[in-house]
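The sequence and structure come before the details.

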Amino acid sequence: MTDRVITLLIVDDHPVVRDGLRGMFASDPGFDVLGEAAGGVEGVELALRLDPDVVLMDLRMPAGSGVEAIAELTRLGARSKVLVLTTYDTDSDTIPAIEAGATGYLLKDAPREDLFAAVRAAAEGRTVLSPAVASRLVSAVRRPAVPAGEALSAREREVLGLVAKGTSNREIARELFISEATVKTHLTHLYGKLGVKDRAAAVAVAYDRGILG
């Protein structure tokens, strides 16, 4: 993704925020903002028409909520990945957004470089969660502690650590000198041991249990 321009759509009900984000991304030739929307309904329409790589989505907006927009884009099979960018990190915000199909969730106080990196990762379909949001998600995926006989293997911990950094399966395979099929097998095993169903939940639980520090 680093050798081509990543296209974006900004969905936020505050004009000042949209202007600020547009200006920020305009400063980097690796990004191209295709459009802006002030609400979820308009955001869905533009996402389907413009087909951006990534949609930066606020959550609480008068003209259609972000969660509803994410769910609709997921239902319609939109190619665009949705990266939530909001000031809210309560359980009632984070969990529904991830469940609706958001690829990532960042808070608006994230540093510029973190935001750029998150957009690049989201464009590749990699899960991106700020640490604060990851801890919030734990309440939805909390499971009993892993039995002693079901502790993660050293290799599974390596894979999980790379997942937490937003690394794709292909990159993990290259990093660990194994096949993508083997990476998927490790993921399946560690999902089972952690009692989760996806990468975001695995990272959240791993932070909660101290597996990832």
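## Sheet

Strand E1 (residues 6-11) pairs with strand E3 (residues 54-57) in the parallel sense, over four bridges. Strands (E, at least two residues) and helices (H or I, at least four) are DSSP runs, numbered from the N terminus, and two strands pair if DSSP finds at least two bridges between them. Valine 11 has methionine 57 in E3 as its bridge partner.

The open sheet has six strands with parallel pairing, in the order E2-E1-E3-E4-E5-E6. Strand E2 (31-37) and strand E6 (128-129) are the edge strands, each pairing on one side only.

## Basis of the model

This is a predicted model, in which local features need pLDDT of at least 70 and side-chain atom pairs count only at pLDDT 80 or more, while totals for chains, interfaces and linings use all residues. Residues are numbered from 1 along each chain as its sequence is written, and side-chain values use heavy atoms, with hydrogens and water left out.

## Helices on the sheet

Helix H2 (residues 40-50) lies across E1, E2 and E3 and runs at about 140° to E2. H3 packs on the sheet, touching E3 and E4, and its direction makes about 160° with that of E3. Axes are lines fitted to C-alpha atoms, for helices over the stretch in contact (heavy atoms within 4.5 Å); angles run from 0 to 180 degrees between N-to-C directions.

## Serine 80

Serine 80 sits in the loop between helix H3 (66-75) and strand E4 (81-86). With a relative accessible area of 8%, serine 80 is buried (under 20%; 1.4 Å probe, protein chains only). Beyond its neighbours within four places in sequence, serine 80 is in contact with Ala47, Asp51, Pro52, Asp53 and Val55.

Note on methods:
Buried < 20%, exposed > 50% of the residue type's maximum accessible area, 1.4 Å probe, protein only.
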